[in-house]
Amino acid sequence: MKKILVVDDSALMRRVLCDIISSDGRFEVADKANNGQVALDLLMRKKYDAVVLDVNMPVMNGLELLEELRKRKIPAKVIMASTLTSQGAKVTMDALDLGALDFVHKPDNAIDCKENTFSEEFLRVLAAAADSREPVFEAPFDMNKLRDDRKLVQLVGKHKTGTGSKILAIASSTGGPKALQSVIPRLPKDLDCPVLLVQHMPVGFTKSLAERLNSLSEVTVTEAVEGEALEKGHVYIAKGGAHMNAVTKMGKTVIHYTSEPNREGVRPCANYMYESLADSPYDEVVCVVMTGMGMDGTEGIVNLKKHKKVHVIAQQESSCAVYGMPRSIVNAGLSDQVVDLDNIAQEIIMNVGLK
């Protein structure tokens, strides 16, 4: 069984989370801590398959613990228990930047945690974290290196092959928010296509992700709005809790949200995004499938290929936090390229070019 450390200052919340974890035969609660300092002491002495970490705690909070783990180079597969507020969403992005792998929206009331919807999502995220690769301590985000990378991809883009209009569609999940920082900020503002992006996230967090990526990027990055027309050099992130589709209205391709049930256990689901592009006016769809658990993207691309010319880029296993979605693409024989994370932006430019 996978050994889990639960860190939360609320005794009731610890009990509820531990009960959920213990209800699943794959996991056992190995230890509990009521603040970050106690957790740090445990992590210096023991190894866990995953850590469930609260944000607001006395003595040492969740972000301070992540900073200490990074400083001391103590590897830990951490998922955050985050509250649904604008400040909570920002703190969640900070936690992901500091090395947290994923997060769950923790209800304000411990009793609400016992609802099946929360339990299922919590166990899904916990399983992905426990099965993920050991975290690698990376150098801080370097804007100078980013500028050099942009110059490189702009040179590459001048030598693209093929003609016709294209659209880029990206799918990512566990480990995606951090991985996307190695892709989206490297895309130049004169990218010759619009970009659709499905990142598995609950309601309230995708806007913060869009704002974080937009602050680092030359391309415009926003949470997609119902009915807006797609433009080149613009990244449209599917909002949490709804399925994003591209539909044609009055000669323009626009965003349209639908509320079908979860598919592949998630909403938004990339399969819907890919399938919606079957009737789009674009001559080719460039699909990028990145880190994440499960098979989202595979069925959608299979169905899209029946109607469109498609080029598929899968993230290489060694650079994935969780090698699930890209593995499914590769095993299905759908991948045209398997690319390391740091080279995905360059390969995107090679395929779509610059305006």
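Guide: Buried means under 20% relative accessible area, exposed means over 50%, and partly exposed is in between, with a 1.4 Å probe and protein chains only. This is a predicted model, where local features need pLDDT of at least 70, side-chain atom pairs count only at pLDDT 80 or more, and totals for chains, interfaces and linings use all residues. Residues are numbered from 1 along each chain as its sequence is written, and side-chain values use heavy atoms, with hydrogens and water left out.

Visitor: Okay, so E264: what's its accessibility class, and where does it lie?
Guide: E264 is partly exposed, with a relative accessible area of 40%. It lies in the loop between strand 11 and helix 9. Helices (H or I, at least four residues) and strands (E, at least two) are DSSP runs here, numbered from the N terminus. E264 also has a positive phi of about 60°, although it is not a glycine.

Visitor: Which peptide bond is cis, then?
Guide: The one from R267 to P268, with omega near 15°. P268 is found in the loop between strand 11 and helix 9 (270-276). V59 is another non-glycine residue with a positive phi, about 70°. V59 sits in the loop between strand 3 and helix 3 (62-72) and is exposed, at 68% relative accessible area.

Visitor: Let's zoom out. How many helices and strands are there?
Guide: The chain comes to 12 helices and 14 strands. Buried residues make up 57% of its 355 residues. Contact means heavy atoms within 4.5 Å, and of the contacts between residues at least 6 apart in sequence, 75% join residues at least 24 apart.

Visitor: How many disulfides?
Guide: 0 disulfides, counting a disulfide as a pair of cysteine sulfur atoms within 2.5 Å.

Visitor: Tell me about helix 5. Is it enclosed or open, and why?
Guide: Largely enclosed by the rest of the structure, because 11 of its 15 residues are buried. Those include F118, F122, R124 and the run from L126 to A130. The buried residues of helix 5 pack against strand 1 (2-7), helix 1 (11-22), strand 2 (27-33), strand 3 (50-54), strand 4 (78-82) and strand 5 (102-105).

Visitor: And what about its length?
Guide: Helix 5 covers residues 116-130, and at 1.5 Å a residue it should span 21 Å; its end C-alpha atoms are 21 Å apart, which agrees. The expected span is 1.5 Å times one less than the number of residues. Helix 1 has 12 residues and reaches 16 Å from first C-alpha to last, close to the 16 Å expected.

Visitor: How do helix 1 and helix 5 sit against each other?
Guide: They pack at an angle of about 70°, with their axes 10 Å apart. The axes are lines fitted to C-alpha atoms, for helices over the stretch in contact, and angles run from 0 to 180 degrees between N-to-C directions. That makes helix 1 roughly perpendicular to helix 5, a label that covers 65 to 115 degrees, while under 35 counts as roughly parallel, over 145 as roughly antiparallel and the rest as oblique.

Visitor: Which residues make the contact?
Guide: L17, I20 and I21 from helix 1, and F118, S119, F122, L123 and L126 from helix 5. F118 is buried, at 8% relative accessible area. F118 and I20 are 98 residues apart along the chain, yet their C-alpha atoms are separated by 9.7 Å.

Visitor: What else does helix 1 bury, and against what?
Guide: Its buried residues are M13, R14, V16, L17, C18, I20 and I21. They pack against strand 1, strand 2, strand 3 and helix 5.

Visitor: Changing topic: where is N35, and what does it touch?
Guide: N35 is in the loop between strand 2 and helix 2 (36-45), and it counts as buried at 9% relative accessibility. Leaving aside neighbours within four places in sequence, N35 is in contact with V7, M57, P58, V59 and M60.

Visitor: Last one: how covered is helix 12?
Guide: Mostly covered, since 7 of the 9 residues in helix 12 (residues 344-352) are buried. They are I344, A345, E347, I348, I349, N351 and V352. G353 follows helix 12, with a positive phi near 75°.
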